[in-house]
Amino acid sequence: MSLRASDQAAITLQHLSKSFGEVHAVNDVSLTIHAGEIVALLGPNGAGKTTTIDMVLGLARPDRGTVTLFGSTPAAAVLAGRVGGMLQTGTPPQYLNVKELITLVASLYPHPLNVEDVLRITGTADIATRATTKLSGGQTQRVRFAVALVADPDLLILDEPTAAIDVEGRRDFWNVMRSVAESGKTVIFATHYLEEADTYADRIVLMARGRIVADGPPTEIKAQVGGRVIRATLADVSAEELMSIEGVVKAERQGDGVKLSCRDSETSDRVLRTLLARYSGARDLEVRSVGLEEAFLSLTSDTAMSVRPADDEPDLGESGTQS
Amino acid sequence: MNFTYLKFEVLRTLRNRRFLIFALIFPLILFFAIAGPNKNVIVEGIHFPLYYMTGMAAWGSMTAILSSGARIASERQIGWTRQLKITPLSTRTYFITKVLCGYMMAFFTLIALGLAGLGLGVQLAGLQWCKLAALLTIGLIPFAVIGILLGHLMKVDSLGPALGGVTSLFALLGGSFGPIFQSGFMLKVVQDIPSYWLVKSSQSVLSPSGWPPSQFWIVIAIWTLVMGRLAALVYRRDSKRVV
């Protein structure tokens with residue numbers, strides 16, 4: 001739990017469930033987020049992040065369970081102007097320039113921020129007179145962030161805010177978000193990038209197949225999903241014996257092969273050296289970073305059904321080993 | 001009511017060139033081109049320029065008010081309506097703003113056609129002008145509702161042709177381009193269409209009573225209620241679905 005968090009709950013989800021036909025998009029999710037926390041909702045596509053966010057915002061009705069925002073219903077919190085949202089889809093309407101758009105949105109709220117201030121904070125002042133249809137991907141996202149921010153909300157919800165932005169634009173975006181969040185707002189963002197969740201959140205809630213599979217500070221989650229896996233062909237050595245190598249978190253035998261899980265690349269290097277020194281018969285060595293997908297599979301007991309990762313899923317293990 | 005929101009809605013519409021062309025320029029050009037050479041012709045008991053001015057005003061203002069509601073379709077497609085749903089803006093205000101914006105545009109068309117009519121020698125007393133404007137305003141109510149209905153039924157791809165088709169059909173059957181049925185069964189049919197009464201407004205104003213027959217009020221009311229009911233159904237179906 002974050003040090004910034006106060007005792008007041010910004011969001012309380014209780015046994016939240018929603019299905020679309022046969023698919024349990026969100027399955028019995030309970031979660032409390034305190035005011036002032038910056039929380040990343042991490043998971044691959046189809047994990048239920050967007051459906052959860054839609055229910056928090058009141059855009060979708062839960063089949064079961066309740067959503068409470070600042071002690072009231074989502075609709076009441078939205079009406080009071082306490083919520084700002086950046087949805088996954090939501091292109092600004094055409095025939096307006098950036099400043100006009102922000103002014104329009106500001107007029108909808110009871111206590112909006114000054115439009116000029118919002119343009120400055122979100123780095124959109126230099127494109128204030130540009131038509132909303134003539135923006136780059138990164139500029140569009142910044143404008144959409146300004147749309148969410150101008151409400152001066154207590155709670156900011158960002159659904160994959162950096163989708164379709166290049167790496168540099170992404171960093172700029174998060175720096176802006178972070179500086180905004182410093183002012184004590186509660187921020188929830190959905191992402192499938194572990195690096196983003198790790199760098200910018202105080203707390204990571206990991207979702208897979210509609211359930212929360214892990215919840216904790218980034219260091220803890222990273223340890224679970226940011227590791228390395230060594231595979232080798234090595235007969236006649238038991239998993240228990242391999243567990244004795246320092247740095248091995250988990251050892252499994254798969255036929256003639258073995259699979260050793262390590263916390264990060266540093267330990268996997270050490271484990272690899274020990275392995276080769278100890279067992280000259282070890283062949284076909286392979287070191288891989290654990291992707292989110294694998295991490296999810298190991299964290300969820302039901303491995304029969306595979307989790308479909310995003311097509312542009314980055315190599316998450318690498319980012320997890322930098323620190 | 002949020003006037004800043006309305007102001008920007010009107011601004012957006014005025015910046016849409018296609019809108020100006022179809023709702024304003026086309027009716028004006030047709031008016032001068034057709035009514036100009038036929039200044040002294042009498043149609044259905046009134047001077048042709050007055051008849052055609054009302055016909056073109058009906059056509060242009062119908063286009064204006066229908067397309068304002070129908071623009072909801074593109075706002076739905078880009079996800080803007082979802083964004084608005086997480087602001088304090090109520091759905092009611094959203095729809096009212098769309099209708100008011102449509103009416104403001106329709107008034108531009110009515111004023112432009114009125115001035116054009118004066119230019120071609122249309123003569124009405126001040127009170128008659130006011131009555132004509134009032135009847136057109138009332139006659140447009142069902143079309144404001146149909147616009148919102150189309151905005152929830154249509155995809156953006158099909159919106160252009162659908163709007164063009166719907167307005168042309170209503171305008172044609174209503175007699176915007178000239179009366180098409182003088183008598184018989186088909187006349188009875190088109191008399192049940194609200195655009196017929198829009199075009200008829202000038203005759204109503206010049207009639208002995210100075211007001212339209214009761215059928216005007218009945219047709220407008222029934223179309224507004226039925227289309228309003230349909231729009232509400234489609235809206236409810238639409239908001240249940242999560243995209």
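## Confidence

What pLDDT does chain B average, and what share of the residues score at least 70? Chain B averages 92, and 98% of the residues score at least 70. pLDDT is the predictor's confidence in each residue, from 0 to 100. In chain B, confidence is lowest in strand β1 (residues 42–43), at a mean of 89. It is highest in helix α11 (residues 194–199) of chain B, at 96. For the complex, the predictor gives an ipTM of 0.89 and a pTM of 0.82.

This is a predicted model, in which local features need pLDDT of at least 70, side-chain atom pairs count only at pLDDT 80 or more, and totals for chains, interfaces and linings use all residues. Residues are numbered from 1 along each chain as its sequence is written, while chains are lettered from A and ligands numbered from 1 in the order in which they are written.

## Chain B overall

Chain B has 13 helices and 2 strands. Helices (H or I, at least four residues) and strands (E, at least two) are DSSP runs, numbered from the N terminus. The radius of gyration of chain B is 18 Å, close to the 18 Å that the globule rule gives for 243 residues, so chain B is as compact as a globular protein of that length. The radius is taken over C-alpha atoms, and the rule is 2.2 Å times the number of residues to the power 0.38. The C-alpha trace of chain B spans about 55 × 35 × 30 Å along its principal axes.

Of the 243 residues of chain B, 42% count as buried. A residue is buried if 20 or more other C-beta atoms lie within 10 Å of its own, exposed if 12 or fewer, and partly exposed in between; C-beta atoms are placed from the backbone. Among the chain B contacts with a separation of 6 or more, 81% involve residues 24 or more positions apart. Two residues are in contact if their C-beta atoms, placed from the backbone, lie within 7 Å.

## The sheet of chain A

Chain A has an open sheet of 6 strands, in the order β5-β6-β7-β3-β8-β9, with mixed pairing. Two strands pair if DSSP finds at least two bridges between them. β5 and β9 (211–216) of chain A stand at the edges with a single partner strand each, so one side of each lacks a neighbour in the sheet. The twist averages 15 degrees from one strand to the next. Axes are lines fitted to C-alpha atoms, for helices over the stretch in contact; angles run from 0 to 180 degrees between N-to-C directions.

β5(A) runs parallel to β6(A) (residues 155–159), and 4 bridges join them. There, A:G84 stands opposite A:L156. α1(A) packs on the sheet, touching β3, β5, β6, β7 and β8 of chain A. The direction of α1(A) makes about 150 degrees with that of β6(A).

## Helix α1 of chain A

In α1(A) (residues 49–57), 9 of the 9 residues are buried, so the helix is largely enclosed by the rest of the structure. Among them are A:I53, A:D54 and A:M55. A:G58 follows α1(A), with a positive phi near 80 degrees.

β11(A) (residues 248–254) and β12(A) (residues 257–262) run antiparallel, joined by 6 bridges. A:K250 stands opposite A:S261.

## Where the chains meet

The contact takes 25 residues from chain A and 19 residues from chain B. On the chain A side, α1, α2 (74–79), β5 (83–86) and α3 (98–106) each supply at least two residues. The largest share, 4 residues, comes from α3(A).

The chain A side divides into 16 nonpolar, 7 polar and 2 charged residues. Ala, Val, Leu, Ile, Met, Phe, Trp, Tyr, Cys and Pro count as nonpolar, Asp, Glu, Lys and Arg as charged, and the others, Gly among them, as polar.
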